Amino acid sequence: DPYNEMMDAADTPAPVATLLANHRAFLSYLERRVGDRALAEDILQEAFAKVVSRPDQSPADDAIVPWFYRTLRNAAID
């Protein structure tokens, strides 16, 4: 059951928790860039999924926020 496998906030790795804490800012940023909230949500969800599935490819400290903005910018351009 995937719902039972979901991590609670205490078990969330710090970089992912940092990204989740900035979710609203990331969504606003994307929405301004692409001009469509639904598309912005899709891009953001896909970017989060990539970080969660491949945590070794993202910074493990506070550098994750600017790194994630670059990731979002590139995704919006694509």
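Where is Ser58 found? In this predicted model, Ser58 lies in the loop between H4 and H5. With a relative accessibility of 12%, Ser58 counts as buried, because the cut-off for that class is under 20%. The side chain of Ser58 reaches the backbone oxygen of Pro55 at 3.2 Å. When residues up to four places away in sequence are not counted, Ser58 touches Val51, Ile64 and Trp67.

Helix H2 spans residues 14-21, and its buried residues are Pro15, Val16 and Leu19. These residues are on the same side of H2, because the arc they cover around the axis is only 100°. An α-helix has 3.6 residues a turn, so residues three or four places apart point the same way. The exposed residues Ala14 and Ala21 are carried by the face of H2 that is turned away from its buried side. Helix H3 (23-34), helix H4 (37-53) and helix H5 (64-77) are among the elements that cover the buried residues of H2.

The largest nonpolar core comprises 16 residues, and those with the most contacts inside it are Leu19, Phe26, Leu30, Leu44, Phe48, Phe68 and Leu72. Two or more residues of this core are given by each of H2, H3, H4 and H5, and H4 gives the most, with 6 residues. Leu19, one of the residues with the most contacts inside the core, is also one of the buried residues of H2. For Leu72, the residues touched are Phe26, Tyr29, Leu30, Leu44 and Ala47, with residues up to four places away in sequence not counted. In soluble globular proteins, nonpolar side chains tend to be buried together.

Methods: Residues are numbered from 1 along each chain as its sequence is written. This is a predicted model: local features need pLDDT of at least 70, side-chain atom pairs count only at pLDDT 80 or more; totals for chains, interfaces and linings use all residues. Side-chain values use heavy atoms; hydrogens and water are left out. Buried means under 20% relative accessible area, exposed over 50%, partly exposed in between (1.4 Å probe, protein chains only). Helices (H or I, at least four residues) and strands (E, at least two) are DSSP runs, numbered from the N terminus. The arc is that of the directions from the helix axis to the C-beta atoms. Contact means heavy atoms within 4.5 Å. A nonpolar core is a set of buried Ala, Val, Leu, Ile, Met, Phe, Trp, Tyr and Cys residues joined through side-chain atoms within 4.5 Å. A polar contact is a pair of N or O atoms within 3.5 Å; within protein, one must be able to donate a hydrogen and the other to accept it, and residues adjacent in sequence count only if both atoms are side-chain atoms.
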